[in-house]
Amino acid sequence: MACEQGLLKDELEFASHLHINSEAAMEQCASVEREVDKVLQKFLTYGQHCEQSLEELLHHVGQLRAELASAALQGTPLSATLSLVMSQCCRKIKDTVQKLASDHKDIHSSVSRVGKAIDRNFDSEICGVVSDAVWDSREKQQQILQMAIVEHLYQQGMLSVAEELCQESTLNVDLDFKQPFLELNRILEALHEQDLGPALEWAVSHRQRLLELNSSLEFKLHRLHFIRLLAGGPEKQLEALSYARHFQPFARLHQREIQVMMGSLVYLRLGLEKSPYCHLLDNSHWAEICETFTRDACSLLGLSVESPLSVRTLPRVPDRWQCAGLLSACWALGLAAPAPALFCSFASGCVALPVLMNIKAVIEQRQCTGVWSHKDELPIEIELGMKCWYHSVFACPILRQQTSDSNPPIKLICGHVISRDALNKLINGGKLKCPYCPMEQNPADGKRIIF
């Protein structure tokens, strides 16, 4: 029932969002239409004024021509009055042409305002932001997207949904890829049921690697098990004292916490609920242990704590970017409403897209189309926040380029780090002089750094 209510709430929110954006789209169309009406009205007024002015000029020139023809037939010389009329006619023609040209120039500014209104109210064409050569084939893109969704489903514990997607999309996922997610979800399910056994077994088997991470996961698991024994009352006192031996390896780093737990034994017969140690029975410890286990386990497996499809902390997305592509995608996939995780992933693209469109325009204006030709990097840095940082990056201070597998960072013997391309360009006569200090060295002494 709760699930159905949640789905109904999502549907209502989606329908409301769709209705609001439909009204916004109509208002955008009306705004552009008003600008177009202004231009059409100016064209109509200009046409009428132009036609009337030209007719007056033709009539005036016709009269002057008739007078000149009459004077020529009579053989009389050109009078001063007729010369003055001719000068006035030429001046009138010149003034009329200048006035019509000025009015026509004003129409140009009105037409440009229509273009600005369209750009302001409607999304620009985004298909041409990046050339097709930058990306993989359409089949490869679809496979990458499917793999990202499958990984997200595994990481969120939706194992049956992930398996169904793999079958329907004929996506082959190795068992070695699935196994870590299966194990993590099995342990997390046990923790949600307040079963510490699987998590303790895992922590003991990975003890050395956890110590390298300065993790306190194993201690927290033992502490939580000890607290469970304390919650059992005086009958569990001897068992709790016996279990306290597990704290010995952690005495140096967690002395204060161990002293608190040992002190709680004094109040065991009176009841911990009414003692100064009542905070030990707080249920928040279970949520904390789940979070700690997820974080440390993901660190050992080289995974981000959150799925890339469920990043929540993103800069605000412009409202006019929020519906167009995502709703179309949802309708194409047969979804009633965009899933929050996919929406957040889409929001990242919305943050990046306006910046990429601007840089694309600059590239075209300056005719430097070869600036962006790499598949593994963007032509400009786009800030998405710390939550979206999944790996370390290094930009060469010499060439101002982000390093890659083909152009890795190199540490010189003086301690400064530059890219391999920069190192090769700085070699002179078989020697390399550091660009930051005067130390001269052999280029072969540089060591590759792997972050």
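Two strands are taken as paired if DSSP finds at least two bridges between them. Helices (H or I, at least four residues) and strands (E, at least two) are DSSP runs, numbered from the N terminus. N428 illustrates such pairing: this residue stands opposite K431 in strand 4.

The model is predicted; local features need pLDDT of at least 70, side-chain atom pairs count only at pLDDT 80 or more, and totals for chains, interfaces and linings use all residues. Residues are numbered from 1 along each chain as its sequence is written, and side-chain values use heavy atoms, with hydrogens and water left out.

The chain contains 14 helices and six strands. Of its 451 residues, 31% are buried (under 20% relative accessible area; exposed is over 50%, partly exposed in between, with a 1.4 Å probe and protein chains only). The accessible surface is about 29700 Å², and carbon and sulfur atoms hold 56% of that area. Areas come from the Shrake-Rupley method with a 1.4 Å probe; for residues, only the protein chains shown count as cover. Among contacts (heavy atoms within 4.5 Å) between residues at least 6 apart in sequence, 61% join residues at least 24 apart.

Strands of a sheet pair through backbone hydrogen bonds, either parallel or antiparallel. Two bridges link strand 3 to strand 4 (residues 431–433). Another open sheet has three strands in the order 2-1-6, and its pairing is antiparallel. Here the edges are strand 2 (417–419) and strand 6 (447–448). Strand 1 and strand 6 pair over two bridges. K447 in strand 6 is the bridge partner of K411.

T403 lies in the loop between helix 13 (340–365) and strand 1 (409–411). T403 counts as buried because its relative accessibility is 15%. Leaving aside residues up to four places away in sequence, T403 touches F394, P408, P409 and S419.

Helix 8 (residues 217–231) and helix 10 (residues 255–264) also meet. Their axes, lines fitted to C-alpha atoms over the stretch in contact, come within 11 Å and cross at roughly 10 degrees. Angles run from 0 to 180 degrees between N-to-C directions. The two helices are therefore roughly parallel (under 35 degrees; over 145 is roughly antiparallel, 65 to 115 roughly perpendicular, the rest oblique). F219, R223, F226 and L230 in helix 8 touch E257, I258, M261, M262 and S264 in helix 10.
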